[in-house]
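Work through the following exercises with the sequence and the 3D structure at hand, and try each task before reading its solution.

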Amino acid sequence: MTAMIKLRHQQPSLWHRGLAEDIEGLWEPWMRLVDDLLEDEQLLDTVYEAQGERHPQSRSRGRMQTPAEVLLRLLLLKHMRNWSYDVLEREVRANLVYRAFTRIGDEKVPDAKTLARLGQLIEAKVIEQLHRRVVELAQERGVTQGRKLRVDTTVVESNIHYPTDSSLLGDGTRVLTRTMKKIESKSGGLKRKVRDRMRSIRKRVLAIALSTRLLGAAGEERRKRQYGELLSLTRKVMNQAQRVLAEVKQVPRRRTAVEGLAQSLETMVGRVRQVMKQTRIRIFAGDPKLPGKIVSVFEAHTEIIRKGKASQPNEFGKLVKIQEAENQIVTHFEVFAERPADSTLLLSSIEVHQQRLGRIPRRVAADAGFYSCENEKAGHALGVQWMSVPNKKTKSSDRKLLQHQRWFRNGQKWRTGSEGRISVLKRRHGLRRCLYPGLDGMRRWVGLGVIADNFIQMGCYLARQSS
C-alpha cells in the first residue's frame, strides 16, 4: 500500500530561476544556517515516526499528511516568530521566503486548525528526542563543548484568568450546566429536565465583585452573604449533575452514547467540589492556605508560585528549569509537576550535563537559591573545578573572601546571562504563557520554544564563525 505520510514534498516548482535567486537573496542570515541544520535525517525521522503513530493505519490509509520536514519547519517558524497558528498560516501563504524556508513551495499551506492538530502529534517524549538531537548537533558543529554550566528556574504561566473563588465557582457551574444539556440532547431526554441556574449565579458573581469596593465590617458581611448564596446555588447544580451521572450509568445504551461527556462531567464535579471546599474555608473560616488548592477548573495542574518578585508576587503556572552550556545553548529543560526547592536541582543538573555532553563541566554557576554546603562538596567530588554559587546568608569571613575572588565574580557575571536567556525565551518564543492545555501541553510548548531558540543561537554562532 502507498504510505499516507512522507518525509518531504517534491522539489518546489513555483518560481523560475531568476525569481528563485531573488527569493534566496531575501533570506535572513540565520535562516540559511538553520536551513542547513534542519536537513538532519534524525530530526526528520523522529517527526515522521510520530506522524505514523497518529492512528493505527496512518501509514497506509487516509489522506496524505503534511510531510515531516514541512511540519517541523512550520512549528519552529511559529515559535521563532512567536506567532499564533492563524498568523502562521497567513504569513506562510503570503510570503515566498517563508514558503521556501518551510519547503512548502507551491503546495497548499495547511490551515490553522490542521496545524494545531499536527502540533499535538509532537508529544512531550518526541520533543525530548528532538531536543537531544539538537544538542548533539551543537556539539558536532563545535558550538558548545560542555566546559561550563549555568542553571536557573522560571515560571511559565498557564493560560488562565486571575483566579478568585467566585469566578471559579462561576466557571465550574457554567461547564456543568453546559455538559448536562449536551448529555440531555444526545441521550434523547432525561427523567428530569436540566435546570439552568446560570442567570442567578452570574448575578451573585457580579454582586461579589462589586462588594469588594465596600471596606470594613459592612462590606465583609455583604460578601459573606453573597458567597453563601453562590455556594447554595452551586450545591444545587452539583446535586443535579450527580443525578444526571447516576441516570446515565443506570442505562447502558445511554452510557455508550454519552460516555465522553459523562467522564468530563464527573471530572468537573470533582473540581467544583474542591473549589466549594476551599471557598468555605477561606471565606467563613478565614484560612486561605489549603492543600491541593485549585486555581483553575480548566488547567487544574496550575500551581501558585511565589518567586519574590515585587511586580508579580503571585504567578500561576509551573516551575521550569533551564540549563545552558557555552554560547547560550540550552542543554536541558524540565517542567516540574510539583515545585521543588532550587537547591535540590543543582546536582541533578550536573549529572544531566554529563549525560548529554559526555563530560563534567569545569565551571558551574547559579544564583543563591541553588546553594547548599552539601551541593558544593558533592559538585567538587564529581569533578567541578569552580563552583560559583553564592551563599548570601554566610557570616564566615573566609566564605566572603572566596566570593570576592575574581574567578567567582566572573562566574556570577556569566550566570546573569541566564536571566537574559529566560527573557528571550519568554518574549520571542512564547514561554511567558503556555497556550497548550495540560501539563504535557506545557512540556511541548516549552520544548518547542527551547529548540527554536537553540537553532537561532547555533545559526548566529556559525554565521559569526564563517564571516
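Helices and strands are here DSSP runs, helices of at least four residues and strands of at least two, numbered from the N terminus. The model is a predicted one.

**Exercise 1.** Find which helices and strands each supply at least two residues of the lining of the largest pocket, and describe that lining.

*Solution.* Begin with the pocket itself, whose volume is about 720 Å³. Among the 30 residues that line the largest pocket, Pro 163, Pro 288, Lys 293, Val 295 and Ile 304 are the closest to its centre. Next, go through the elements: the helices α9 (165-187), α10 (198-211), α11 (216-250) and α13 (259-284), together with the strands β2 (303-305) and β3 (315-324), each supply at least two residues of the lining. The largest share, 3 residues, comes from α9. Finally, sort the lining by class, which gives 14 nonpolar, 8 polar and 8 charged residues.

**Exercise 2.** Decide how α9 and α10 are oriented to each other, and name the residues that make their contact.

*Solution.* First take the geometry: the axes of α9 and α10 lie 10 Å apart, and the helices pack at an angle of about 170°. Angles over 145 degrees count as roughly antiparallel, and α9 and α10 are therefore roughly antiparallel to each other. Then list the partners, which are Ser 166, Gly 170, Thr 173, Arg 174 and Thr 177 on α9, and Met 198, Ile 201, Val 205 and Ile 208 on α10. By class, this contact has 4 nonpolar, 4 polar and 1 charged residues.

**Exercise 3.** Is the pair of Trp 27 and Phe 101 stacked or edge-to-face?

*Solution.* A pair of aromatic rings is described by the distance of the centres and the angle of the planes. A search of the whole structure finds 5 aromatic pairs. For Trp 27 and Phe 101, the ring centres are 6.1 Å apart and the planes stand at 75°, so the pair is edge-to-face.

Key: Residues numbered from 1 in each chain as written. Predicted model: local features only at pLDDT ≥ 70, side-chain atom pairs only at ≥ 80, totals over all residues. Heavy atoms only, no water. 1 Å grid on protein atoms, 1.4 Å probe; cavity = no way out; pocket = protein on both sides within 12 Å on 5 of 7 lines; lining within 4 Å. Points joined across faces, edges and corners; volume = space filled by probe spheres on them. Nonpolar A, V, L, I, M, F, W, Y, C, P; charged D, E, K, R; others polar. Phe/Tyr/Trp six-rings, centres within 6.5 Å; stacked < 30°, edge-to-face > 60°. Axes fitted to C-alpha atoms, helices over the stretch in contact; angles between N-to-C directions. Parallel < 35°, antiparallel > 145°, perpendicular 65-115°, else oblique. Contact = heavy atoms within 4.5 Å.
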